[in-house]
Amino acid sequence: MNSSLPSRRTVVAAGMAAVLTLGGWPSAEAQSPDAKARIARLKPKDYPSEPIEVNVVYPAGGGMDINARLAARYFEKYTGAQAIVNNRTGGGGLVGHTWLANQAAADGYTVAVIANLIFADSMLRAQGRWSHEKLEPIAFLNSEGISLVVSADGPHKDRSFKDLVELAKAKPGTIRVSILPGTIFEYLVEQVEQVSGAKFLKVPFQGGAPSMTALLGNNVDIALGFYGEIRSFLDSRKLVPVAVSSQERSPFLAQAPTLNESLGRSDVVWMATRWVAVPRGVPADRKAYLTAGFTAAAQDPELQEEFRKLGTVGNTALDTPEKLTRQLGELVRLERDFYTRTGRLK
Amino acid sequence: MTAEASRATAAATRAPFAPAPSPASRPDAPLPPARSGAIRIASLEPVLDVVWIVVGVALCVQAWRLGAWSANGPDSGFVPLVAGALIAACAGLLVVRRAMAPARRASNDPDTADAADAEPFWAERGAWARVCALVAGLVALVLLVRFAGFITASALMMPVLTRLIEKRSWWFAIGIGLAATAAVHVVFTRLLGMSMPRGPWGF
Amino acid sequence: MEALQGLLGGLSVIMTPANLYYCFIGSLVGTLIGVLPGIGPLAALSLLMPVTFTLSPVASIAMLAAMFYGAMYGGSTTSILVNIPGEAASVVTCLDGHQMARRGRAGAALGMAAIGSFIAGTLSLVALTFFSPLLAGVALRFGPPEYCALMLLGLVCTVLMIEGSAIKGVMMIALGFVFASIGLDSVNGTERLTFGSTDLAGGIELVAVVIGLFGVSEVLINIEQLARNEIVATRIRNILPTVEDWRMSWKPILRGSGLGFLLGVVPGGGPVTASFMSYALERRLASDPGRFGHGAIEGVAGPESANNSAVASGMIPLLTLGLPGNAVTALLMGALVIQGVQPGPSMMTEHADVFWGVIASMYVGNVMLLVLNLPLVGLWVQLLRVPYAILFPVILLLAVVGTYSTNKNFFDLWVMLAFGVVGYVLRKFRYEMSPLVLALVLAPLLEQSLRQSLVMSPDGFGIFVDRPLTVGLLALSALLVGAVAIGRLTRRQRPAPLAHPQLKET
C-alpha cells in the first residue's frame, strides 16, 4: 500500500458507508438464468457428489443461523446442489472456529458462514493453536450494527444516549448495561467508557434473549442486541432504541443516533459482518464453483430483501473474494489496534 | 396393595433374573462363599477414596490458580475450589467412618457399604475380562467410526461386540451386527436426514 | 371470552388435512427420537428445520413443536425398559420405571407415563390458553437473583433425591459441578479446567454424559453375568395400569402438571429440572418413601407429567414475549422468523392465525400422541423378551450414533466412553448417577446467576433479600431443608428399615 491512499480509518469509514447505502442494487449478473448457466459451466466433474455442509458456530435459531440457512437456501437455488446447515456450537463459537481452522477438510464439501467475531477468537483465545487466516473468505453476506435499547416502561425511557453517558459519568457504576463477555458487545461498551470517561456497570449474559428479558424486567438499564432480536419489541413499543453502533444511522431505526453522533467522535464503530468462507487449500475449480454459487446467492434481490427484513444490509459492490479479503483485512487491523491499546494483546 | 398382589410381587422379585445393581443389597442374606482370589468391594474402596482425595486436592490447586474471588464476587475458580474441597473432605469422612465403624453386616449404614462389604467386586469368574473386552471393543468402534466411516466401523465391530456380549455362534453375531448396522443407517440417514461420517473410500 | 374465540379460530386453522398431516408426522418422529437414546429433540429439530421452509408457518411450527413434546412421550420408553434414558428429561424415570419393569409391571409404567403426559400436556395448554399474558409478566420478574434462588431450590431437591449414602451423593453433586465448570467461564470468558484442549473448551455435552453414565455403564454392568436371558423372565402382567395404580398416581400427575407448568414458563427452567423436582416432591410427600427406587408408580407418573407440562408452558415466553427459554424454543423462534413471523408481543395481533394455530396444534398433537403411544405399550413390553444378546448391541450402536448426532463432534463419543467407564466403576461402588447428572444441569445457571446477581448488586449479597420473589424461593428451599432434617433426625430413632420393604408380607 502506498502512502497516497487515504488513512485507514477513512477507508474503513467509506467502506462502512458503502455497505449501508449501497445495499439492494441488483447487478445484471445476478439475474437468475444467466447466473445459473454460468455456475453450471463452472461445475467440476463428479462434484458435488454429496451434500455440502454449511457450518455455523452458533446455535440453531439464532441470528447467525438464520442468515446461514437463508444463504444456503439461495445457494441451492443457483447451483442445484444440496447444502445442509450444521451447527457446531460450544464455547461461544470457539469450538466451531477451532474445528474449522484445524480439522475441516479442504475438499470443497465444507464451507462456513462466519462473522467477524472469529477475529477476537483468533487473536485472543486461540493461543497459537489456530488462526483465522486458515479460512479463506469467498462471498460477503451482510453486516449490521448493534442497537442499544432501553425499556419503554423504565426510568430512562425519555433519555438519550448522551444523557445516559452523562449519568454514568456523574454516578459511576449505577447504569447497568448487558454485555456478552469476550465479544464485541463488551468491547463496544469498554470503548464508550474510554472515550467519554463514563463508568457503566457491565452485567454479563450469555445471549441476546436473556439480556432482553433482563431489560424488560428492569434488571438492567441498557441492553445491546441485533435488530432481529429487538424488532418485535420495537413494534409493540416495549423497547426504545437510543443508539446504533454503525457508521451511519440505521434505515430501520432512523430516530436513533449513532454512537459517534452521541459522543462527538468518529471512531466508535462496531459492526457484525458475515461472510462465507472455506478452509484454505480447496482445489481451485471447486473453490470457483462455491464462490460463484454463494456470490450469486448473495446478490439475489430476493435474498437481499430477506436480509433487509432481518435488519441487515447486503452489499453488491463486494462481489469478489479479493475485494472481500481487503475489506476484512481492514477490520482485522482495527480490531488488533483496539486489543493492543486495551492491553489484551501484547 | 392386596395380599395376593404383594405375594405375586414377592414371588416375582425372587424369580431368577439378573439382580439389579441397587444401592444396598439385602442385609439378611447369607454371606456368599468367597471365590478364591476374588477381590472384595470393601478392599477396593480405600483405593477409590484415595483417588478422590487426590482429585479433590488437584482441583483445589487448579482452582486457586484461576482465582477464587474477585472484586465482583466469586471468580472463575470459586466453584471448582468449593467442589474440589467438598470431594476431598467427603472422601476423608468416608475413610474416617470406615475406620471407626466395625465391619458388621447388621449395620445398615450405606456410607460404609457394610451390607455389601463382603461382596466380591466381580461376582462371576471372568467378569473383569468381559468388561475390559467390551470397553476395548467400544474404543475400537469409536476409532473406526472416526477414521473408516460409520458403515465400515459398524459392519466390522458390531459382530465383535455382539459376540462379546453373549457367546453365541459367529453366524448369529454377524447376522445381528449387519442387521443393526443396516437398520440404524436407514433410520438416521433416510428418515432423519442426518449425514453419517464417511471413510476415505466414500461411504 | 377472547381466548376461547382465539382458540376456536386456531382449531379451524389446524384442522386442514395438510396441517394435521404435518402435526402427525411431527408426533411420530418425535416419539421415535424420544425412544432412541442419544438423539434428542434439539438435534432432530435442527436436522428437519429445512423441511419447513416450504411449508406454511402453522404447519412448520406444528410439526417442530410436536417433535419436541413427542420426544417427552417417547423418552420414558427406554428409561423404563432398559434403564437407559431416552433423553435428559427422562433420567429420573429410570429410577422407578425400570424397577417396575423388573417386577413385571412395564406395561403399567409405560401406560401411566403416556397417560400422565397427556393429562399434564393438556392441562398445561388450557392454562396457557387462558393465562398467557399474566404468566408472561411472571416470566419477566425473574432476574438473576430469582434464577439463583430457583436453581438453589433445584439443588436442594437434588440432595433430597439421594437414596443411599448421603456422603457419596454429595460427592456426586460436587463432581457434577466440576464437570459443569469445564469450558469457558460464562461470566468472563476465560478457559477453565481445559488443559489447553479446545474440545474441552466447548464444555462437556450433557447428552454424551447421560448416555455414557446410564447407557454404556448399564451394558458393562450387565455383561458381567454370563447366564442371563432376558430382562424379565417372569410373566408380564397388566399391560395397562390398574385401578390401584390410578389411585396412587392421580395426585402426582396433577402436582407434576402444576410444577412442570411453573418451571417451564421461567426462561432457563424446563423439562429436565421439572422432572426431577417432581420426583423429589413425590418422594417427600409419599407416606412410605422407602418404596421409591424400587418401583413406585408415583415416581413415573409425576416426572413424566412434569416434563410434558414444562414443554407446553415453555411456549409462553416464546409466543407472547418473543423470548426463547431454552435451545429448542430458540430454534422454533428461528423457524418462525425465517417464515416472516416475528414472535413477541405483537404476534397475537399481527399473526393471530399462527399464534392460535400453533396452540391448537399442540392440543391436537397431544391427542395424537396418546393414541399413538398407548397401543405401542403392548409392543414395547414385548421388547423385554428380546434377549440381551440382540438388545444390547443395538443399544450400543444407537448410543454411539445418537451421541454423535448431537453436535457431529467425535469428541463427544470419547466423553461418552469415558463416562461409561467412570459410571460403571462408580456404580459398582454404590455411587448414584442421578445426582451427578442433575448437578451438571443445574450448575451452569446457578453459578452464572449468582455471579450476575453479585455484579448487579449495589450491596453484595443484600440483593437476595431485597427482592420478594427471591426471598420467597429461598424460604422454600430453607423449608425443604428443615423438613428433611427433622425427618432424618426422627428416623434415626426408629429401627433401620429393610432395604426391600415390599417383601414384607402385608
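This is a predicted model: local features need pLDDT of at least 70, side-chain atom pairs count only at pLDDT 80 or more; totals for chains, interfaces and linings use all residues.

Me: Okay, how many residues does helix H4 of chain C have, and how far does it reach?

Reply: Helix H4 of chain C covers residues 57–82, which is 26 residues, and from its first C-alpha to its last it reaches 38 Å, close to the 38 Å expected at 1.5 Å a residue.

Me: And where does H4(C) bend?

Reply: The bend is at Met72(C), and it amounts to about 30°. After the helix comes Asn83(C), which has a positive phi near 65°.

Me: Are the residues of H4(C) buried or exposed?

Reply: They are buried, 26 of the 26, so the helix is largely enclosed by the rest of the structure.

Me: Switching to chain B, what is its secondary structure?

Reply: Chain B has 6 helices and 2 strands, and, read from the N terminus, the elements follow the order α-α-β-β-α-α-α-α. Of its 203 residues, 29% are buried.

Me: Which domains is chain B divided into?

Reply: There is domain 1, spanning 41–112, and domain 2, spanning 127–191; the centres of these two domains of chain B, taken over C-alpha atoms, are separated by 38 Å.

Me: Now chain A: what is the order of the strands in the open sheet of 3 strands?

Reply: The order is E8-E5-E9, and the pairing is antiparallel. Strand E8 (223–225) and strand E9 (239–244) of chain A stand at the edges with a single partner strand each, so one side of each has no neighbour in the sheet. From one strand to the next, the twist averages 35°.

Me: How many bridges join E5 to E9(A)?

Reply: Strand E5 of chain A, residues 147–151, is joined to E9(A) by 5 bridges, and the two run antiparallel. Within this pair, Ser151(A) is opposite Leu239(A) in E9(A).

Me: Which residues does the cis peptide bond in chain A join?

Reply: It joins Tyr47(A) and Pro48(A), with omega about -10°, and Pro48(A) sits in the loop between helix H2 (32–42) and strand E1 (52–56) of chain A.

Me: What about Gln127(A), is it buried or exposed?

Reply: Gln127(A) counts as exposed because it has 9 C-beta neighbours inside 10 Å, where 12 or fewer is the cut-off for exposed. Although Gln127(A) is not a glycine, its phi is positive, about 50°.

Methods
Residues are numbered from 1 along each chain as its sequence is written. Chains are lettered from A and ligands numbered from 1 in the order in which they are written. Helices (H or I, at least four residues) and strands (E, at least two) are DSSP runs, numbered from the N terminus. The expected span of a helix is 1.5 Å times one less than its number of residues. The bend at a residue is the angle between axes fitted to the seven residues ending there and the seven starting there. A residue is buried if 20 or more other C-beta atoms lie within 10 Å of its own, exposed if 12 or fewer, and partly exposed in between; C-beta atoms are placed from the backbone. Domain bounds come from an automatic or database domain assignment. Two strands pair if DSSP finds at least two bridges between them. Axes are lines fitted to C-alpha atoms, for helices over the stretch in contact, and angles run from 0 to 180 degrees between N-to-C directions.
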